[in-house]
Protein chains: 2
Amino acid sequence: MNRSLSLDLTKKIGEEVLLKGWVERVRSHGKIAFFDLRDMSETVQIAAFDDLALKVAGLGVQDVVEVEGLVKAREERYINKEVPTGSIEVELKSLKVIVKSQEMPFDMGGKDLDLQLPTLLDYRALTLRHSKVREIFLIQSALLSGFRKAAESLSCVELSVPTIAASATEGGAEVFDINYYGHRAYLTQSPQLYKQMMIPVFERVFTISHAYRAEPSVTTRHLSESTQMDCEFGFVDFQMLLDLLEEVVIKMLKEVEATCGDILKARGVEKLLLGKTPRLTLRESQKIIYKETGRDNRKEKDLTPQDEIDICEWAKKNHNSDLVTITHFPTAKRAFYTMPDPNDPEYSLSYDVLFRGVEISSGSQRISDYNELVQTIKNRGMNPKNFELYLQAFKYGMPPEGGFSFGLERMTMHILNLANVREASLFPRDMERVDERFSQIEEKEV
Amino acid sequence: MNRSLSLDLTKKIGEEVLLKGWVERVRSHGKIAFFDLRDMSETVQIAAFDDLALKVAGLGVQDVVEVEGLVKAREERYINKEVPTGSIEVELKSLKVIVKSQEMPFDMGGKDLDLQLPTLLDYRALTLRHSKVREIFLIQSALLSGFRKAAESLSCVELSVPTIAASATEGGAEVFDINYYGHRAYLTQSPQLYKQMMIPVFERVFTISHAYRAEPSVTTRHLSESTQMDCEFGFVDFQMLLDLLEEVVIKMLKEVEATCGDILKARGVEKLLLGKTPRLTLRESQKIIYKETGRDNRKEKDLTPQDEIDICEWAKKNHNSDLVTITHFPTAKRAFYTMPDPNDPEYSLSYDVLFRGVEISSGSQRISDYNELVQTIKNRGMNPKNFELYLQAFKYGMPPEGGFSFGLERMTMHILNLANVREASLFPRDMERVDERFSQIEEKEV
């Protein structure tokens, strides 16, 4: 008999099927017993009677089993509308335990997994299997897929760019250094410089890569290693870039809604509002916030976290949009390659996209003139010699260009309202942990 | 006027168009001049007369220009069948230089780019623009896309797994170490252990990630940082795995042929032969080689490079296939997680796929039993304590599973018959170079 998947069983009522998967929970009532079997597609209820019920009572959570059984429609009053397989169950005919699991260190059978973050991560290989954890990464996979489809539809060519660099390219001290054949090298903070160098090669590029930040503090929002989705476009001006950016964000969110709508709904995530994205300069947004709330941040160089919340509320109310694009941040607050606004160089042709109160993307028009770029690097106290290959791309004909990037884990976190970005990373890296906590590793070494 | 792309011009004969791109080469004959304009889609010939011819004569290679002109069909005798735009040319009406390039350090205008490897890499931001270099990375992008499509069609969920690890996971000394907040950590040699841990979460997974190997030697085949495409499947046996593997390889190669057939043809790459892939054990293949060539390697623990060439010749001749799958390598020669063949544990349920004389993929059925895995780690002289999180996945119900991986740069290299794998990496990392050669970097520091 060929293996069936749980999700397909509603179409197989009256048929004998072979299932393989993991035991999720067991409910034994003497001569009748039930268990939930989970496979790659879904969870389904298995019902057992008499001798088989005794055998089921002996099952442990996470045992790997092979089941033969008869698919039956449930009586109306037993239908569970919360799961896609809730209208059927499988009457057990034979049961084989392929692999016996060890005892659970905590309850994995509940609808939620009620664990503190350190335990959630100490047992990551186990806790990822819980449906409430697992589904976070289905959302993440949809974001990756949505990003890629959007980039490909805009004729971007995919790149694989390196993560080992000879200097701390974007400046700043927060870099990890590597012993590279006796030389000192660094892990890149972003694929930024490489994607720009590829503009004269392909004009439109995208890359999904890892970004490394040696943040010397533990917050709910920072990871030492994260996944970044980047686009870069040649022959574009600032307005075209904003159009492209908003097109990509909206496509990504729509892909998540199309493929993971059930998950969003079950987790109580509000339906996404994707009306035309309003665009405001930083100063315009601060004026609106002042008008709406009376809070006067009109001279601040950036939005505060509360500002971000308030301007998103305004966009939702007035533009039916969960997104709002903020432009023209002060030039001094953005990375060196950001182009100052020719009409007012104190401000830059930069942008952030806010989603439901937080920033999920940022980018800018770039400085594309070689001499201006060299001068800017010097003005920022950096040495152009450390940017030799990067500058080469500008020496030999760089058109007007710009781009943007998204943080995968942060975006996942905010779509699902997770409390901590670590929950949105399969195996999060931070100051205290690389899989295991360093305190544990050191204990073992003693 | 909206911008047109070169590749679309054959459909616009008689129309006035606006083009933007780079000057590839200039041919001036006084009152008549020509130049080739390259944009993201293709290269097209621009013809100029009189005053405009003088202006064209002043253009430099890699200048970024904006052109208005009239699309004209070429006379029969001037048609160039080697390029997709060879049946038309654009008569120049107005020309604007957007960005002036600096002088070329070498000739970029030839059909081939005749440079030694160090120069090719020292000027990487420039040399990547040459069509013969650029198209290598279109093939690479097609391989990425083909891999992903194949994995998605097999219901694999995409993962983003970390590259920073607490121990040198697969054993061996060739790892880079990182200063990680004062602790020592390592760059992963592969995503292997993480993708296996995800089997009980999603059953079928794929990941595209970077692999780091501190190879202390300079060869034509090794990179210190490379791109790896990985799949892993739960509830599979060895035969199913071989089926899955061959399905994925063939889909990848077909994607390359479908999207980049012109490039393959222009480079003289032979048409791919993708008949049913023959499968041989190592010992069977050695017997065939002995019979075909008289060379007796029947007791060797692996195929030699010449063996790989010869068995591929045999597969081509006898099975109309550029691929051949070799199985059952000696257990001691494969990574610790490889499952020994239950019928003959000296050999393993492992496989390599050879393509036109070289290995492009390898993988295996894995040891899925917790106790056997712990014992194997000990037998190999490693400490199970360094594999705590990995082993956790096996403690709590790991089904039979296996998988495989492809090296992106190696596969690109072999499809195109490149002499050196560095040519198939945008910005290759090796012992001597991270963008710039270390000798150059050190000179500057003095």
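Biologist: Let's start with the whole chain. How many helices and strands does chain A have?

Modeller: Keep in mind that the model is predicted. Chain A carries 13 helices and 21 strands, and its C-alpha trace spans about 85 × 60 × 45 Å along the principal axes. Of the 446 residues in chain A, 49% are buried.

Biologist: And where do the domains of chain A lie?

Modeller: Domain 1 covers 6-99 and domain 2 covers 126-445. Their C-alpha centres are 44 Å apart. For the contacts in chain A with a separation of 6 or more, 63% come from residues 24 or more positions apart.

Biologist: On to strands. How should I read a hairpin, say β8(A) and β9(A)?

Modeller: Here's a general idea to carry along: in a regular strand, side chains alternate between the two faces of the sheet. Now the case here. β8(A) and β9(A) run antiparallel and are joined by four bridges, one pair being A:Tyr180 with A:His183. Two residues sit between the strands, and A:Tyr181 in that turn has a positive phi of about 50°.

Biologist: Which other strand of chain A pairs with β9(A), residues 183-187?

Modeller: That's β7(A), residues 164-165, antiparallel over two bridges. A:Ala165 stands opposite A:Tyr186 there.

Biologist: What does β8(A) do with chain B?

Modeller: β8(A), residues 177-180, pairs with β8(B), also residues 177-180, in the antiparallel sense over three bridges. A:Ile178 has B:Ile178 as its bridge partner.

Biologist: How do I read the rest of the contact between the chains, and how many residues take part?

Modeller: Interface size is often given as the accessible area lost when the parts come together. Here we have a residue count instead: 74 residues of chain A are in contact with 74 of chain B. The chain A side divides into 42 nonpolar, 14 polar and 18 charged residues.

Biologist: Where is the kink in α7(B) centred?

Modeller: On B:Cys260, with a bend of about 90°. B:Cys260 is also one of the buried residues of the helix, which include B:Leu241, B:Glu246, B:Ile250 and B:Val256. After α7(B) comes B:Gly268, with a positive phi near 75°.

Methods: Residues are numbered from 1 along each chain as its sequence is written. Chains are lettered from A and ligands numbered from 1 in the order in which they are written. This is a predicted model: local features need pLDDT of at least 70, side-chain atom pairs count only at pLDDT 80 or more; totals for chains, interfaces and linings use all residues. Domain bounds come from an automatic or database domain assignment. The bend at a residue is the angle between axes fitted to the seven residues ending there and the seven starting there. A residue is buried if 20 or more other C-beta atoms lie within 10 Å of its own, exposed if 12 or fewer, and partly exposed in between; C-beta atoms are placed from the backbone. Two residues are in contact if their C-beta atoms, placed from the backbone, lie within 7 Å. Ala, Val, Leu, Ile, Met, Phe, Trp, Tyr, Cys and Pro count as nonpolar, Asp, Glu, Lys and Arg as charged, and the others, Gly among them, as polar. Two strands pair if DSSP finds at least two bridges between them.
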